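Here are a few exercises to work through with the model open beside you. Try each task before reading its solution.

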Amino acid sequence: MGMAVALNYCLLIMAAPASGYTSLTAARFGAAVIAQGHILPRVFFLDGGTSNGLATAITAQDEKSPLTEWTQLATAHGTELVLCVSSAVKRGLLDSAEAQRHGFPAATAHPQFALGGLGLLVEAMQSADRVITFGAPE
Amino acid sequence: MSAAARKSVLVVTRHAQPARSLARAALDTALATAAFEQPVNLLFLGAGVLQLIPHQDSSAVGVRNLRKVIDSMPLYDVEHCYVDTDAAQRHGLTTADLPSGAILVDVAAQRALFDAHHHILGF
């Protein structure tokens with residue numbers, strides 16, 4: 001039996017957390033990848049997926065919060081959580097710089113998410129052995 | 001970045017615009033990938049071929065006409081535009097309707113495309 005090879009993963013998330021449980025599945029997949037000894041340097045959120053970074057989302061008490069699942073990945077494993085900036089601002093997800101620029105009193109994106117361009121997805125894809133897409137509807 | 005490090009990307013787009021902002025996200029991703037000089041191809045699959053209907057005018061709706069963006073893809077080094085043969089037929093699209101240089105692909109050719117790329121992004 002050969003030695004297990006650690007792979008570099010990248011996740012691309014397009015599902016909004018409030019529509020179904022795809023976000024939770026994706027976050028669990030990310031945690032499982034790391035638990036198996038692989039690495040997950042970056043998760044990129046695009047289109048409706050950027051809503052995962054909304055700081056003010058409230059989850060029912062008897063359900064798991066996708067936001068918590070994602071931020072745990074960042075805290076425990078240093079996974080970068082990047083919201084596509086053009087998809088994000090369209091949905092009202094602003095970091096403090098964008099909030100200031102557009103005249104809003106406060107950031108709406110969770111501080112553990114960064115706003116960034118699609119170049120960050122391209123960069124992650126180039127170093128990744130596997131890119132897994134979550135959340136494009138059937 | 002060395003040529004050896006470059007990984008090819010197939011962007012698969014399966015939904016009609018303007019109902020889905022995903023269609024736009026797929027094109028943006030293809031353009032960004034090409035802008036960073038990475039090899040990228042587009043595959044219009046299923047209802048995604050409806051993005052290719054010619055002479056679209058979405059100005060009254062107030063959203064951007066994606067067909068113009070698609071037509072400009074070769075200028076930005078998105079290599080090939082592949083189109084699902086069955087879906088094109090089903091939706092009444094003829095070769096003349098498709099962007100210039102578009103390549104029709106049947107199921108076997110689609111399978112070969114999936115096989116030939118490092119990464120497949122499903123939109």
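**Exercise 1. Find the residues that touch the most other members of the largest nonpolar core.**

Step 1. Look around B:V11: leaving out residues up to four places away in sequence, B:V11 touches B:A26, B:T29, B:A30, B:V40, B:L42, B:L121 and B:F123.

A word on the source: this is a predicted model, in which local features need pLDDT of at least 70 and side-chain atom pairs count only at pLDDT 80 or more, while totals for chains, interfaces and linings use all residues. Residues are numbered from 1 along each chain as its sequence is written, and chains are lettered from A in the order in which they are written.

**Exercise 2. Work out the strand order of the open sheet in chain B.**

Step 1. Helices (H or I, at least four residues) and strands (E, at least two) are DSSP runs, numbered from the N terminus; two strands pair if DSSP finds at least two bridges between them.

Step 2. The 5 strands are arranged as β4-β3-β2-β1-β5, with parallel pairing. β4 (103-105) and β5 of chain B are the edge strands, each pairing on one side only.

Step 3. For one pair in detail, β1 (residues 9-13) and β2 (residues 40-44) of chain B are joined in the parallel sense over 5 bridges; B:V9 has B:V40 as its bridge partner in β2(B).

**Exercise 3. Which residues of helix α5 of chain A are buried, and what covers them?**

Step 1. In α5 (residues 119-127) of chain A, the buried residues are A:L121, A:V122, A:A124 and A:M125.

Step 2. Viewed down the axis of α5(A), these fall within an arc of 165° (taken from the directions from the helix axis to the C-beta atoms), so they line one face of the helix.

Step 3. Their cover includes β1 (8-13), β2 (39-45) and β5 (130-134) of chain A, together with β1, α1 and β5 of chain B.

Note on methods. Core = buried A, V, L, I, M, F, W, Y, C linked by C-beta atoms within 7 Å. Buried ≥ 20, exposed ≤ 12 C-beta atoms within 10 Å, placed from the backbone. Contact = placed C-beta atoms within 7 Å.
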